[in-house]
Amino acid sequence: MMRALMYTGTQAMEMRDVPEPVPAAGDVLLRIDAVGICGSDLHAWHGHDPRRVPPMILGHEFAATVVAGEGTGRRVTGNPLVTCGSCEYCVQGRNNLCANRTMIGMSRPGAFAERMAIPAGCLVELPDDLPAARAALTEPAATALHALNLSMRALARPLPECSTLILGGGAIGMLAALLARHYGCRGLVVAETNALRRASLERAVGCRTFDPRDGVPPRESSVDYVIDAVGARTTRQAALAAVKPGGVVMHIGLMDWASEIDMRKLTLAEITLIGTYTYTTADLRATVRALSAGVFGDLAWVEERPLADGARAFADLDAGRTAAAKVVLRP
Ligand SMILES: [Zn+2]
Ligand SMILES: [Zn+2]
């Protein structure tokens, strides 16, 4: 038996003794060293994700050590998307779009546990100088990196020349802001409703922030590049309103699944609206190197807690009681 933080029902998590994972052919067994709480885990905890059905073990942002199977003893993170390797997209190296994908912590047991089984092909090796609690940031940081890479192909001018607005200062907004600044983006502003998170952004990124509920929003059609790291109806509207003619809107989060889009402006002002989903394995590898090189800073804004305090961590994140845009649990 092992200890696991089980998602047992809407807004309910509890530590339970559960049977050890049984690795399938080609799987390795991991000892989880650190695992981050994702916005999508919180979304599931609220009962808003029909793909994540309780009782189950959530968690897909892990750093771990291989304890059985190929490469025992290696320190790793991994791609939580388990992909087929042979469909059109996998063959193109765009395995985030794999037609046959399943996902750790969604359609397979996740990492809020002492141990987890995963196909060996999903693993990405960690350098010795990257501690587990920072390596657990690989997955959200790779999401930001993938999104910025896609955007930079669409921006008319190089990123350092673009005025940039990020909507949402959660982990993805924070990591996108850190990466954009590393890439030389100077005119960067982040909209975030939580005052604790605004302070944390100003400290970590050194950018201007404002509260979209009462702060002065950017003028209509004044920003070259908008990242919507929330994905709500209201943020989509704000993004489309703020973007300049010829500009780019990158849509990362997905809080509301549907809403109206200003198709008139999109068309007449030649706005590029890009959707992005997760990362490829190449993005994960690049992100591990970037984290190890300090591209995302010291990550002092990340909070560590024991896995046994996971239920409280979910409640604190939900209530906005923590300044941390990311809580990493240690089994
Ligand atoms: Zn995640
Ligand atoms: Zn595939």
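Q: To begin, what is the relative accessible area of Lys244?
A: Lys244 has a relative accessible area of 30% and is therefore partly exposed. Please note that the model is predicted.

Q: Which residue does Lys244 form a salt bridge with?
A: The partner is Asp224, with the closest N and O atoms 3.2 Å apart. This pair links distant parts of the chain, since Lys244 belongs to strand β14 and Asp224 to strand β13, 20 residues apart.

Q: Which residues are joined into one network by salt bridges that share partners?
A: Glu303, Arg305, Asp316 and Arg321 are joined in this way.

Q: And how many salt bridges does the count come to?
A: The count comes to 18 salt bridges.

Q: What about Glu125, which residue does it pair with?
A: Glu125 forms a salt bridge with Arg74, and the closest N and O atoms are 3.3 Å apart. The two residues are 51 residues apart in the chain: Glu125 is in strand β9 (residues 123–125), while Arg74 is in the loop between β4 (61–68) and β5 (75–78).

Q: How accessible is Glu125, and how accessible is Arg74?
A: Glu125 counts as partly exposed because its relative accessibility is 46%. Arg74 also falls in the partly exposed class, at 23% relative accessibility.

Q: Which residue meets the side chain of Asp49 in a salt bridge?
A: The side chain of Arg51 does, at 3.0 Å, N to O. Asp49 has 5% relative accessibility and therefore counts as buried, whereas Arg51 is partly exposed, with a relative accessible area of 46%.

Q: Changing topic, how many residues does the largest nonpolar core have?
A: The largest nonpolar core has 52 residues. Those with the most contacts inside it are Leu137, Leu148, Val205, Tyr225, Ile227, Phe296 and Trp301.

Q: Which elements each supply at least two residues of this core?
A: The helices are α3 (132–135), α4 (138–154), α5 (171–182), α6 (195–205) and α9 (281–292), and the strands are β11 (188–191), β13 (223–228) and β14 (243–251). The largest share, seven residues, comes from α5.

Q: Where does the other core sit relative to this one, and what is in it?
A: The other core lies apart from the largest one and has 39 residues, including Ala4, Leu30, Leu58 and Met116.

Q: Back to Leu137: which residues does it touch?
A: Not counting residues up to four places away in sequence, Leu137 touches Leu175, Leu291, Leu299, Trp301, Val302, Lys326 and Val328.

Q: Which residues form a nonpolar patch on the surface?
A: Ile261, Met263 and Leu273 form such a patch, with about 240 Å² of accessible area together. Leu273 lies in strand β15 (residues 272–275) and counts as partly exposed because its relative accessibility is 36%.

Q: Now the backbone. Which residues does a cis peptide bond join?
A: A cis peptide bond joins Pro54 and Pro55, with omega about 0°. Pro55 is located in the loop between α1 (39–45) and β4.

Q: What is phi of Gln11 near, and where is Gln11?
A: Phi of Gln11 is near 55°, a positive value in a residue other than glycine. Gln11 is placed in the loop between β1 (2–9) and β2 (12–18), and it counts as partly exposed because its relative accessibility is 45%.

Q: And Thr278, what is its phi near, and is Thr278 buried or exposed?
A: Phi of Thr278 is near 50°, again a positive value in a residue other than glycine. Thr278 lies in the loop between β15 and α9, and at 10% relative accessibility Thr278 counts as buried.

Methods:
Residues numbered from 1 in each chain as written. Chains lettered and ligands numbered in written order. Predicted model: local features only at pLDDT ≥ 70, side-chain atom pairs only at ≥ 80, totals over all residues. Heavy atoms only, no water. Core = buried A, V, L, I, M, F, W, Y, C linked by side-chain atoms within 4.5 Å. Buried < 20%, exposed > 50% of the residue type's maximum accessible area, 1.4 Å probe, protein only. Helix = DSSP H or I, 4+ residues; strand = E, 2+ residues; numbered from the N terminus. Contact = heavy atoms within 4.5 Å. Patch = residues over 30% accessible without salt bridge, like charges linked within 9 Å, V, L, I, M, F, W, Y side chains within 5 Å. Areas by Shrake-Rupley, 256 points an atom, 1.4 Å probe, with all protein chains shown as cover. Salt bridge = Lys/Arg side-chain N within 4 Å of Asp/Glu carboxyl O.
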